[in-house]
Amino acid sequence: MVAEYAHRPVMVAEILAALRVRPGGRWVDGTLGSGSLAACILDASRPTGWLFGCDRDGAAIEAATRRLAPFAGRFEIRRGDFADLGDWIGPASCDGVVLDLGVSSPQLDVPERGFSFQHDAPLDMRMDDRQLLTAADVVNGWDEAALARVFGEYGDEPRARRIARAIVRERQTRRIETTGQLAALVERWAPRHGRKRHPATKVFLAVRMAVNSEIRSLQRGLAAACTLLKPGGRLVVVTFHSAEDRLVKAFGRDQTRDYTHPGTVDVPELRQPRAPVLQWVQRRALAPDPREIADNPRARSAQLRAWEKV
Ligand SMILES: C[S@@+](CC[C@H](N)C(=O)[O-])C[C@H]1O[C@@H](n2cnc3c(N)ncnc32)[C@H](O)[C@@H]1O
């Protein structure tokens with residue numbers, strides 16, 4: 001008996017509409033997870049739509065392969081990073097790419113994967129278990145400045161430096177090996193003060209992002225997605241927290257401009273004209289309907305952004 005790998009994707013109707021899923025199209029799901037969203041894309045593009053799917057997680061690939069079996073002959077799945085989609089899918093060959101970012105429910109719910117402080121388990125957090133770097137390596141090996149930067153930049157944790165200092169002090173006496181140890185340490189140095197959210201939430205998110213190089217993958221993945229799209233093809237990205245949403249928004253802003261500029265500062269006198277790569281489908285991010293949020297709390301922080309290839 002195979003354990004169930006169930007994940008409820010958010011904003012499915014909005015994603016299908018933004019992608020304009022239709023028969024005959026070629027779609028890419030860079031974050032297959034359980035395959036539930038991919039199944040909706042294949043269903044809505046019957047009888048001739050095609051789907052390329054990838055995920056870094058071996059268990060997700062197995063689950064998606066089972067989930068998509070009824071659509072045999074209309075999809076190809078590979079295990080890997082969406083940053084490398086351009087290595088196996090031709091340029092300007094697809095009608096839509098979707099990235100439904102973050103982690104899936106089964107990743108959070110399996111204690112041994114070490115993503116969650118809800119269970120005490122070894123600090124792991126690898127989406128791809130073939131990778132060597134684990135959360136324990138980050139927490140026990142990175143210096144104080146690097147940890148503080150990760151907690152601040154990826155987790156928006158205001159007490160980043162204090163928590164980094166506490167971790168470095170703690171590990172001089174013993175290694176921090178489990179999710180429970182890390183959560184308790186953070187709680188000691190950043191008490192809850194009546195807040196509902198566990199004080200370690202942001203630190204866990206930040207460590208996960210560091211372990212899986214999520215920002216670097218996302219930068220490369222967005223660029224790869226743009227090259228795969230035909231003119232008129234759609235890029236749809238669903239984010240769940242501010243570090244990834246900032247990056248996606250900045251990427252969209254950059255690709256919709258009709259100029260480039262040298263360096264990181266946009267000096268009007270130094271602008272070089274060029275044709276925009278993308279155009280906005282809608283300028284503001286879409287949020288889930290309140291009914292969806294009531295029904296699926298994971299949807300609460302979701303934001304959907306969509307662009308069209310020029
Ligand atoms: C929110 S879940 C997607 C759920 C999916 N839409 C579904 O219907 O089940 C995010 C998935 O993206 C995968 N993932 C995250 N970053 C990735 C990357 N850089 N490359 C490939 N997969 C990635 C995770 O392993 C996880 O399975």
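# Working chat on a predicted model

Q: Where is Pro47 found?
A: Pro47 sits in the loop between H2 and S2, where helices (H or I, at least four residues) and strands (E, at least two) are DSSP runs numbered from the N terminus. A cis peptide bond joins Arg46 to Pro47, with omega at about 0 degrees.

Q: Before going on, what kind of model is this, and which pLDDT limits apply?
A: This is a predicted model, in which local features need pLDDT of at least 70 and side-chain atom pairs count only at pLDDT 80 or more, while totals for chains, interfaces and linings use all residues. Residues are numbered from 1 along each chain as its sequence is written.

Q: OK, overall picture: how many helices and strands in the protein chain?
A: The protein chain has 12 helices and nine strands. Its radius of gyration, taken over C-alpha atoms, is 20 Å, close to the 19 Å that the globule rule (2.2 Å times the number of residues to the power 0.38) gives for 310 residues, so the chain is as compact as a globular protein of that length. Along the principal axes, the C-alpha atoms fill a box of roughly 65 × 60 × 40 Å.

Q: And what share of the residues is buried?
A: Buried residues make up 43% of the 310 in the protein chain. With C-beta atoms placed from the backbone, a residue is buried if 20 or more other C-beta atoms lie within 10 Å of its own, exposed if 12 or fewer do, and partly exposed in between.

Q: Which domains does the assignment give?
A: Domain 1 covers 12-106 + 214-309, and domain 2 covers 132-211; such bounds come from an automatic or database domain assignment. Taken over C-alpha atoms, the centres of domain 1 and domain 2 are separated by 30 Å.

Q: How many residues are in contact between domain 1 and domain 2?
A: Five residues of domain 1 are in contact with five of domain 2, a contact being a pair whose C-beta atoms, placed from the backbone, lie within 7 Å. On the domain 1 side, helix H10 (214-228) and helix H11 (242-255) each supply at least two of the touching residues.

Q: Glu214, then: buried or exposed?
A: Glu214, which is in helix H10, counts as buried because it has 21 C-beta neighbours inside 10 Å. Leaving out residues up to four places away in sequence, Glu214 touches Met209 and Glu244.

Q: What about H9, how many of its residues are buried?
A: Helix H9 (residues 201-211) is mostly covered, with 10 of its 11 residues buried, including Val203, Phe204 and Met209. The elements covering these buried residues include helix H5 (135-141), helix H6 (144-153), H10 and H11. Just after H9, Ser213 takes a positive phi of about 45 degrees.

Q: Switching to the cores: which residues have the most contacts inside the largest nonpolar core?
A: They are Ile15, Ala38, Val97, Ala225, Leu228, Leu235 and Val236, in a core of 54 residues, where a nonpolar core is a set of buried Ala, Val, Leu, Ile, Met, Phe, Trp, Tyr and Cys residues joined through C-beta atoms within 7 Å. H10 gives the most to this core, with six residues. Apart from it lies another core, of 30 residues, among them Ala164, Val203, Phe204 and Met209.

Q: What does Val97 touch?
A: Not counting residues up to four places away in sequence, Val97 touches Val28, Gly30, Ala225, Leu228, Leu229 and Leu235.

Q: Now the ligand: which residues are closest?
A: The closest are Pro9, Thr31, Gly33, Ser34 and Leu37, out of 23 surrounding residues, a residue being near a molecule if its C-beta atom, placed from the backbone, lies within 6 Å of it. Helix H2 (36-44), strand S2 (50-55) and H10 each supply at least two residues of this shell.

Q: How does the shell divide by class?
A: The shell has eight nonpolar, 10 polar and five charged residues; Ala, Val, Leu, Ile, Met, Phe, Trp, Tyr, Cys and Pro count as nonpolar, Asp, Glu, Lys and Arg as charged, and the others, Gly among them, as polar.

Q: Last one, what is phi of Met11?
A: Phi of Met11 is near 50 degrees, a positive value in a residue other than glycine. Met11 lies in the segment before helix H1 (12-19) and is buried, with 23 other C-beta atoms within 10 Å.

Note on methods
Contact = placed C-beta atoms within 7 Å.
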